[in-house]
Amino acid sequence: MSTVPRPEYPRMQFRREAAWMNLNGEWDFLADPGQSGRERRVFEHPEAFNEKIMVPFVLESRLSGLGRTDFIESVFYQREITVPETWRGRRIFLNFGAVDYRATVWLDGVEAGCHVGGSSSFSVELTGMVKWGEAQRLVVQAMDELRSGTQGGGKQSSKYGSYGCYYTRTTGIWQTVWLEAVADGGLRSCRISANPGSSQVVFSPCYFNAHPGDALRITVRAAGRVTGQGEFGTADGIPCALTLSEVRLWNTTDPFLYDVELEVCRDGRVIDAVASYFGMRTVTVSGGRILLNGRPVFQRLVLDQGFYPDGLWTAPSDAELRADIERSMAAGFNGARLHQKVFEERFHYWADRLGYLTWAEYPSWGIDLYSFEAKQNFLREWQQVVERDVSHPSIIAWTPLNETAKSREIRLGFVCDEDSLPLYREFIEQVYDLTKALDPSRPVNDCSGYFHIKTDLWTIHPYVSTGEELKQKLHPEGEPVFRQGGELETGYRGQPYLVDEWGGFKYIPPANRTGTENGWGYHGLNFRTPEELLARIDEQIEVMIADPAVAGACYTQLTDVEQEQNGLYLYNRTPKLAPERFRAVFGKKPAWSEE
């Protein structure tokens, strides 16, 4: 059994496992609260590092071995690496699943690269700096200025402690770090787009310095049988289409995945091999519904914030990523809104495998949308997120922003008004247009809840305590939709109407009530029996499935998170009720839903 935390290969849609080295585990650590580490050139002084940390867990987490939760905006990591002599002749890349927020890398005291963005994956090439077969010193700095207004923090607290719906911060390396050897001319990435209607799948590869005369050989298998194969010249971004001999659709009841082999060949030999997979499915919007493979599916979603008691933003194990999906499905949901966090690639892999629908989101809270620097940071990182995850069949919608006016009002003292509205509208349109340019195949929810400006989905957050209140909220004064931003919102033109946050009811089982008095749920309600909780949930579900305008709903939330105690599971993932009791209500759907 491996003693390395999170030992699994992190990138399942782009697997190159023949020559890789997981760098998770114990690193030397230096907290730099005075932000003087660069000036002191600690990257040149191994003796400056006076603590140990367990990567990929952040210093605020228990699993890191530190559990330090005060603001430390600059931290340094150090460890030795030895690139094997057998990798000589190939290009060497240092890969990071994610570092929050601004990362700089040194090798033997020489800067090798940097990256800005706390949720997007990145690579730093070390090839020209490598001493083959010799130990070298790797140093990583992370700068995380959550309170600056220039970076997305999502639900990370901008105060010393957690409060309201803000929780313990994430600072530094929070996903797997690994080394990888790649042939010059090998694959950098490959987007996969499925077209079931024409039995085709299209591959859009990019290379590390494509060589004239090289060929890309693509083999597609369905349950071990070759269903498509072709050979193409290597050219960055030029699509390569294969027609499959058999088509089996991916859906929630049969999440079938095709296996893919991508091989770059030179002079008759394979110089690079990558394994991947895809699902054949379409997502469209029509008649006020979201269609999966042309069939309307009621969105029975749960809000998943992806926090863990011992790892915070980092799941303690790959098994726990899968288990959260299984917990949700056991409670009657067919998917989740992945809320205010970019989930790691292994989560999307399990969602693909299990047939779990997801709405992918960016941790937009904390960004000052009127700051030029903040907007540039947002657009750059959001592009990287979409490009990384675009080939996952389980992702069926993009949500770049959440409750935009509310988040600014709480975090930055801003309230949207008529004077600032033109700038806001301009930016939302820019975000929408960028997302659709990157991926025309999925609907875009411009901002969950409010203010909508340019969107494919009309989403609202009507947190109310009774079914009758919800019925009145859905169609105020006979209007087709609720406009939470009032007249400042624009762009409703018959899009699917979704209640993508509702509920939030607090219930703590009797055996777990000690020490929960300071926790909270919505409406000030604190149900004392399972029957009270289920009855209140059920009456609102009945309102929504009886309303022909409502295309889906997302219940808040899957688990408790710290002081927010409105989950269906406790923070430690213990179910508050038997999951089948939740399934009896959350599994309900309108007659028109074909899933």
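**Group meeting talk: a walk through a predicted chain**

Let me start with one residue. Arg6 is buried, with a relative accessible area of 4%. Buried here means under 20% relative accessible area, exposed means over 50%, and partly exposed is in between, with a 1.4 Å probe and protein chains only. Arg6 sits in the segment before β1 (20-22). Arg6 is not a glycine, yet its phi is positive, about 50 degrees. Most residues other than glycine have a negative phi, and most peptide bonds are trans.

A word on where this comes from. This is a predicted model, in which local features need pLDDT of at least 70 and side-chain atom pairs count only at pLDDT 80 or more, while totals for chains, interfaces and linings use all residues. Residues are numbered from 1 along each chain as its sequence is written, and side-chain values use heavy atoms, with hydrogens and water left out.

How confident is the predictor? pLDDT is its confidence in each residue, from 0 to 100. The chain has a mean pLDDT of 95, and 97% of its residues reach 70 or more. Over residues 407-415 pLDDT stays under 50, and the model has 28 contacts for them beyond four places in sequence. Contact means heavy atoms within 4.5 Å. Where pLDDT is low, the predicted coordinates should not be read in detail.

Now the whole chain. It holds eight helices and 33 strands. These are DSSP runs numbered from the N terminus: helices are H or I with at least four residues, strands are E with at least two. Of the 595 residues, 61% are buried. Among contacts with a separation of 6 or more, 71% are between residues 24 or more positions apart.

Next, strands. Which residues of β33 (residues 550-556) are buried? Seven of the seven, so the strand is largely enclosed by the rest of the structure. β33 has parallel partners. Strand β23 (residues 299-304) pairs with β33 in the parallel sense over four bridges. Two strands pair if DSSP finds at least two bridges between them. Val302 has Tyr555 as its bridge partner in β33. Strand β30 (residues 497-503) also pairs with β33 in the parallel sense, over five bridges. There, Gly503 has Thr556 as its bridge partner.

On to β25 (residues 357-361). Five of its five residues are buried, so β25 is largely enclosed by the rest of the structure. In a regular strand the side chains alternate between the two faces of the sheet. Both faces of β25 are covered: Leu357, Trp359 and Glu361 are buried on one side, Thr358 and Ala360 on the other. Strand β24 (residues 335-338) pairs with β25 in the parallel sense over three bridges. In β25, Leu357 stands opposite Gly335.

Two more residues deserve a look. Asp272 lies in strand β19 (residues 269-278). Is Asp272 buried or exposed? Asp272 is buried, with a relative accessible area of 5%. Its side chain and that of Arg16 are joined by a polar contact of 2.9 Å. A polar contact is a pair of N or O atoms within 3.5 Å; within protein, one must be able to donate a hydrogen and the other to accept it, and residues adjacent in sequence count only if both atoms are side-chain atoms. A polar side-chain atom of Asp272 also lies 2.8 Å from the backbone nitrogen of Leu187.

Leu187 turns up again with Tyr207. The contacts of Tyr207 beyond four places in sequence include Leu187, Gly186 and Val264. Asp272 contacts those residues as well: its list includes Gly186, Leu187 and Val264. Tyr207 is in strand β14 (residues 200-207). Tyr207 is buried, with a relative accessible area of 2%.

Last, peptide bonds. Val55 and Pro56 are joined by a cis bond, with omega about 20 degrees. Pro56 is in the loop between β3 (51-55) and β4 (74-82). Tyr450 to Phe451 is cis as well, with omega near -5 degrees. Phe451 is in the loop between β28 (447-448) and β29 (458-460).

Technical notes. pLDDT = per-residue confidence, 0-100.
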